[in-house]
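Colleague: I would like to learn how to read a sheet and an interface. Can we go through one together?

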Amino acid sequence: MANKIKTLDTSIESARGIKARFQFSVKQFATETFTFDIDLTIPGQGVTALFGESGSGKTSLLRCIAGLEKNISGCLSVNGELWQDASVFVPTHKRSLGYVFQEASLFEHLTAMGNLRYAIKRNNQAANSQLLEQVISVMGIESILSQFPQQLSGGEKQRVAIARALLSQPRLLLMDEPLASLDNARKYEILPYLERLRSSFNIPILYVSHAVDEIVRLADHAVILRQGKVIAQGGITELFSRADLPLGVSNELGAILDCKVLERDKQWHLMRVAFNGGELWLPNVENKHNTTQRIRVLASDVSLTLSPHSDSSILNALSGEIVDIINDQNPAMVLVRLKVGKSYLLARLTQKSLQKLALAVGQIIWIQIKTAAILR
Amino acid sequence: MSLSDADMGTIWLTLRLASTVTILLLIFATPLAWWLARTQSWFKGPISAIVALPLVLPPTVLGFYLLLAMGPNGAIGQFTQAIGLGTLPFTFWGLVVASMVYSLPFVVQPIQNAIEAIGNRPLEAAATLGAGPIDCFFSVVLPLAKPGFMTASILGFAHTVGEFGIVLMIGGSIPSETRVVSVQIYDHVEALEYAQAHVLSGVMVIFSFLVLLTLYTFQRKRKAVGLTYGQ
């Protein structure tokens, strides 16, 4: 009975999402003990990033969810299905999940297509040739299906591995730094496929990474781990506007805005986008499929003025309220958290400017953002 | 110079013995190799040592103990008598049992190494794709460890063909029952029939060379194909 998948009572079942609680301690060196103590609830849809430095327990958490770590006490339910508690441990092969490892981990004795068939044969749902075609085209692997893994590049292997995971039609897709083993060029070759994956398949994804740029492009939610504990979790735009989290070194800090494209200016190669709180001009990015655009505004590219300037080279000027002023790691600098409509921005200023403008929390102020500096 | 009927008989008996032993060993040694490759148990050391004992012990020692164990008063002997098989020494099946013990490390070790070389990752990948342990063994472990199984079969077969001491202890020299090629050569030499001894010995040299040649060519090809894991 212990291995049978049983459904929780209806009150919990109605709450979709992933509830996980895991605890364990490992002796690392003679004196140090790594304690892993995680208790979190993850939305049952969209991409949730597990973010943290190496050694923070991201991969351990993912392996616990997959059931690859035995002998770890914990409690886990996925969209109302109980996978683990004190008396239940559903073995990995009976959990409806897909797992993409850091290295592609394809079966070397099978072709790319053989690897895909391996997944199709073992999934309980009826064969679905339409899904197969869709997955192959979204991952762009039509031309390499007959090749063996050792004939493929790192990026191609990883695309096949992702396709293979999708074809087991999982209720949850776990991705463990799928881009970390690739060089930068390959990484940017795969990122668009991951974006397409997010928009084409309605599967909740848990995405482990320590790279801010991947998370910014892919994630809707994030869980930030440090030394085996959750230190923050929430929506990606909210988390990235906080200055108190270890989201990269301070000169990489920046807020995220989800924008809607309103118009494209062919003459100047710009586009006008709206976010929850205002409008911005950005360099145009041709993207026929998507009218939404996620942008990241680095704190160091935002400056503040007391009155609107019309004689500046800066196109984007917004009015906002100062909600927080935080000391930077660098003693010469401060971080100012700003509220613009319902969104937040961060500005990185010198202590001297802060004094000169006499800025204070609650003050309404003009915010200037360099168009050239906005990252997507 | 040609082979006499008696010599031909010993060759067929040898091949029959080696084939039987190889097939039985593959069935018996695979789970043992699997366990040795994957266990973290304290018993791994002692069991590995016991498996490797035939590599270092003189065949006479093994033969002596097996003779006692399979004899009418030995544990195996009591068992085989109880189930109505009589005693095993000086029979073909007694020789099979003794050869299995003698060739065990030659079959276990290549399979164990091959399974260790596969590592955990392909098994984990298979599990996340919904393959249970038995499915995983046949669909992932067996194909990936194939070179190890080939090496194990070749070595097990060749080593059984080449045994002498243990055959003499357990089997004696009963025509078409226990008189294998190596024993027949010994008998020829004892009887001063050097010509016949020459022919059979020549056959053995050529056979052994061909087997080893196959093995090493095969191993070199395997490296060239690059059946490595990880990247």
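Colleague: How many bridges join strand S1 of chain A to strand S4 of chain A, and do they run parallel or antiparallel?

Modeller: First, the ground rules. This is a predicted model: local features need pLDDT of at least 70, side-chain atom pairs count only at pLDDT 80 or more, and totals for chains, interfaces and linings use all residues. Residues are numbered from 1 along each chain as its sequence is written, while chains are lettered from A and ligands numbered from 1 in the order in which they are written.

Modeller: Now the general idea. Strands of a sheet pair through backbone hydrogen bonds, either parallel or antiparallel. Two strands pair if DSSP finds at least two bridges between them. Helices (H or I, at least four residues) and strands (E, at least two) are DSSP runs, numbered from the N terminus. Here, five bridges join S1 (18–27) to S4 (74–78) of chain A, and the two run antiparallel.

Colleague: Which residue of S4(A) is the bridge partner of Arg21(A)?

Modeller: Cys75(A).

Colleague: In what order do the four strands of the open sheet in chain A come?

Modeller: S2-S1-S4-S5, with antiparallel pairing. S2 (33–42) and S5 (81–84) of chain A are the edge strands, each pairing on one side only.

Colleague: Which elements give two or more residues to the side of chain B that touches chain A?

Modeller: Start with contact: C-beta atoms, placed from the backbone, lie within 7 Å. By that rule, 18 residues of chain B are in contact with 20 residues of chain A. The elements are helices H6 (121–128) and H7 (133–144) of chain B. H6(B) gives the most, six residues.

Terms used
Two residues are in contact if their C-beta atoms, placed from the backbone, lie within 7 Å.
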